[in-house]
Amino acid sequence: MRVVILPSAVDAGLYAAGLIREGIADGSVDVVGLSTGSSPLPVYRALASEPAPGINAVSAFALDEYVGLGPADPHSYHAVVAQEIVGPLGLDPARVHVPDGLAENLPQACLQYEKAIATAGGVDLQILGVGRNGHVGFNEPGSSLASRTRVVTLAASTRQDNARFFKSLDDVPVHALTQGVGTILEARRLLLIATGRTKAKAVAGTLEGPVGSMCPGSAVQLHPDVTVVLDEDAASELTLHDYHRFVFENASRR
Ligand code: GLP
């Protein structure tokens with residue numbers, strides 16, 4: 001695992017955007033996995049300010065969507081992905097996929113989503129955030145580390161955290177569709193971004209805690225190609241903080 005600790009969220013966004021841009025340029029990133037939430041916003045902003053040549057040929061799969069919300073609802077991840085990512089980055093909307101939270105048959109929609117990812121050749125680079133409780137996508141604590149795309153019930157703390165995007169807590173859906181931890185682990189590369197003091201505990205659990213379903217993010221420790229980009233605050237509870245800094249500073253010295 002490569003852990004890069006930078007002074008601020010803006011720096012983290014610039015660094016992560018650089019990795020994505022390089023991947024698109026060298027042809028290793030044709031299919032990107034999108035994460036919503038506020039963590040990756042600095043990455044998307046950095047990518048929007050200096051668009052990656054060839055990005056309009058890239059396919060994208062979002063991690064998750066609320067059950068009951070569709071593209072017409074501004075709170076849906078369909079709408080967020082369109083507004084924050086597809087437009088500003090210049091992605092081709094026809095190549096961008098988000099789980100269908102309005103599907104009549106949700107389990108069937110989940111299966112189809114898995115098939116669509118496989119048909120596209122799998123995800124080359126998955127962008128990830130981590131929730132305060134250690135969730136990735138909407139895989140809440142207790143999620144099987146082998147889980148696939150499915151319907152989940154959101155944790156009370158997740159609904160509270162996400163209430164800031166809605167009119168009230170009652171408006172936050174109780175259920176969501178999410179790629180499973182097992183689905184996420186099949187991406188060829190993982191790029192996890194976390195910033196801010198509120199994420200420090202979840203970051204420590206994800207990077208250094210025991211691997212287990214109570215911290216679904218910890219499953220990234222099982223993946224062979226992970227880059228974690230943090231700001232100082234998010235990295236503040238890492239035992240190996242100084243080591244990561246040392247590795248990063250000496251990365252090009254071999
Ligand atoms: C959200 C999303 C996740 C995201 C996480 C952290 O609810 N479903 O994909 O990574 O929770 O969100 P934020 O970055 O806003 O803290």
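**Close-up 1. Helix H1 packs against helix H2 in this predicted model.** H1 spans residues 9-25 and H2 spans residues 41-49. Helices (H or I, at least four residues) and strands (E, at least two) are DSSP runs, numbered from the N terminus. The H1 and H2 axes lie 7 Å apart, at an angle of about 60 degrees. Axes are lines fitted to C-alpha atoms, for helices over the stretch in contact; angles run from 0 to 180 degrees between N-to-C directions. H1 and H2 are therefore oblique to each other. Angles under 35 degrees count as roughly parallel, over 145 as roughly antiparallel, 65 to 115 as roughly perpendicular, and the rest as oblique. The crossing of H1 and H2 is right-handed. H1 contributes Ala 9, Gly 13, Leu 14, Ala 16, Ala 17, Ile 20 and Arg 21 to the contact (heavy atoms within 4.5 Å). H2 contributes Pro 42, Val 43, Ala 46 and Leu 47. The contact residues of H1 with H2 are nine nonpolar, one polar and one charged. Ala, Val, Leu, Ile, Met, Phe, Trp, Tyr, Cys and Pro count as nonpolar, Asp, Glu, Lys and Arg as charged, and the others, Gly among them, as polar.

Residues are numbered from 1 along each chain as its sequence is written. Local features need pLDDT of at least 70, side-chain atom pairs count only at pLDDT 80 or more, totals for chains, interfaces and linings use all residues, and side-chain values use heavy atoms, with hydrogens and water left out.

**Close-up 2. H2 also meets helix H3.** The axes of H2 and H3 come within 9 Å and cross at roughly 25 degrees. H2 and H3 are therefore roughly parallel to each other. Their crossing is left-handed. Leu 41, Tyr 44, Leu 47 and Ala 48 of H2 touch Glu 84, Ile 85, Pro 88 and Leu 89 of H3. Seven residues of this contact are nonpolar, none is polar and one is charged.

**Close-up 3. Buried residues of H2 and their surroundings.** Leu 41, Pro 42, Val 43, Tyr 44, Ala 46 and Leu 47 are buried in H2. Buried means under 20% relative accessible area, exposed over 50%, partly exposed in between (1.4 Å probe, protein chains only). Packed against them are H1, strand E2 (31-34), H3 (77-89), strand E6 (125-128) and strand E9 (189-194).

**Close-up 4. Ser 39 sits in the loop between E2 and H2.** Ser 39 is buried, with a relative accessible area of 10%. Leaving out residues up to four places away in sequence, Ser 39 touches Gly 129, Ile 193 and Lys 199.

Close-up 5. Pro 224 is exposed, at 77% relative accessible area.

**Close-up 6. An open three-stranded sheet.** The strand order is E4-E8-E7, with antiparallel pairing. Two strands pair if DSSP finds at least two bridges between them. E4 (64-66) and E7 (150-153) are the edge strands, each pairing on one side only. Neighbouring strands are turned by 30 degrees against each other on average, direction ignored. Three bridges join E4 to E8 (residues 175-178). Glu 65 has Leu 177 in E8 as its bridge partner.

Conventions
Left-handed = near helix turned anticlockwise from the far one by under 90°.
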